[in-house]
Amino acid sequence: PQATNNFDNQVGLFFDRFVNRVYSTGPRINSSPRASPSWSTDANLTSGYGGGRIFGSPLVGRTLYVAGGPNAGIAICRYNGSWDTSYYSFSFTPGEGVETIFTSTDNEGEAWVGLKRAVTGMPMLFQTLDYGMSWQNRTGTLSGLKSIRAIITKPLNPREVYVGTDIGVFRSLDGGVTWSPFQDGLPIVSCTDLRYIIDPAHSGNDKLIVATYGRGLYERTITTSPIVYTDQTASGFEDGTFEHPYNTMGEGITIVPTNGLLGLRGGQTFTVTVSLSRPMTIKSYGGVATINR
């Protein structure tokens, strides 16, 4: 789970499935084995970041992003034999800060940061592709906003981006250059969280779920090419979603409908002997995948 609360309510836990540990923040980053009451300290945090909301990578174990409190940026904590922490500011004035962080399900080094601003017209949205070594302003044509409270990208198409703001949902189809309202059936209200749900029946009827402040939950169907995920390290229940991928490429190919999209987990070599009998697109996520026939 990932908490995406307003930075005035700094709570959060992240479960890292790669190392089977739960992470939290206080004056430092703490972790505990799953279902264990024992906590240990992993990394200290600079003043202003203690207790901030924590977001972890769904693709890389022990890669954590911490949203600082008011007037603070983010901390990125990565483990490579020992914990290394880097800090990034976004030129805040009093009363401003980081509202939310989205960690990519497509690219290992990619993350998006949404900000709260005291006045409109300031940069609100930033993206990194290299674990925060460099940042790009993706605010584009967004204007009149004071906060971006939630961010999500379409699976296997990170140029299609959705943001929940203080006045509703906006969508970009060009990676944040231009934006347009995505408001049909949605009141003009603060949108506090977004989830993109892949159709488990793989018919191409995905859902965008929107949580609002005081007006409940909304959903909107997004008609798209059906998506099926494959990861050879997966075990247990399989339905071809990101959370429950098939563990052989042959299974994925069998399930992908005509003109559908097959996602292969990067860093793996897939051996397949079946022939393609219908058109489909094959992409990798989380790195480069290799196919042997």
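**Ground rules**

I call a residue buried when its relative accessible area is under 20%, exposed when over 50%, and partly exposed in between, using a 1.4 Å probe and protein chains only. This is a predicted model, so I kept in mind that local features need pLDDT of at least 70 and side-chain atom pairs count only at pLDDT 80 or more, while totals for chains, interfaces and linings use all residues. Residues are numbered from 1 along each chain as its sequence is written, and side-chain values use heavy atoms, with hydrogens and water left out.

**Entry 1: the whole chain**

Of the 293 residues, 52% are buried.

I then looked at contacts, meaning heavy atoms within 4.5 Å. Among those between residues at least 6 apart in sequence, 43% join residues at least 24 apart.

**Entry 2: salt bridges**

How many salt bridges does a search of the whole structure find? It finds six, each being a side-chain nitrogen of Lys or Arg within 4 Å of a carboxyl oxygen of Asp or Glu. I noted three of these pairs.

- R149 pairs with E99, with the closest N and O atoms 3.8 Å apart. R149 lies in strand 13 (residues 148-154) and E99 in strand 9 (residues 97-103), so the pair ties together parts that are 50 residues apart in sequence. R149 counts as buried at 12% relative accessibility, and E99 is buried at 2%.
- E160 meets K154 at 3.8 Å, N to O. Both E160 and K154 are buried.
- D193 pairs with R195, the closest N and O atoms being 2.9 Å apart. D193 counts as buried at 18% relative accessibility, whereas R195, at 35%, counts as partly exposed.

**Entry 3: R117**

Is R117 buried or exposed? At 3% relative accessibility, R117 counts as buried. I located R117 in the loop between strand 10 (111-116) and strand 11 (125-128). Its side chain joins that of E96 through a polar contact of 3.0 Å. (A polar contact is a pair of N or O atoms within 3.5 Å; within protein, one must be able to donate a hydrogen and the other to accept it, and residues adjacent in sequence count only if both atoms are side-chain atoms.) Beyond neighbours within four places in sequence, R117 contacts residues including F90, F92, M122 and K146.

**Entry 4: S40**

S40 sits in strand 4 (residues 40-44) and counts as partly exposed at 32% relative accessibility. Which side chain does the side chain of S40 meet in a polar contact? I found R21 there, at 3.3 Å. Residues up to four places away in sequence aside, S40 touches R21, I29, N30 and S31. I also checked S40 against I227, 187 residues apart along the chain, and their C-alpha atoms are separated by 39 Å.

Notes:
Helix = DSSP H or I, 4+ residues; strand = E, 2+ residues; numbered from the N terminus.
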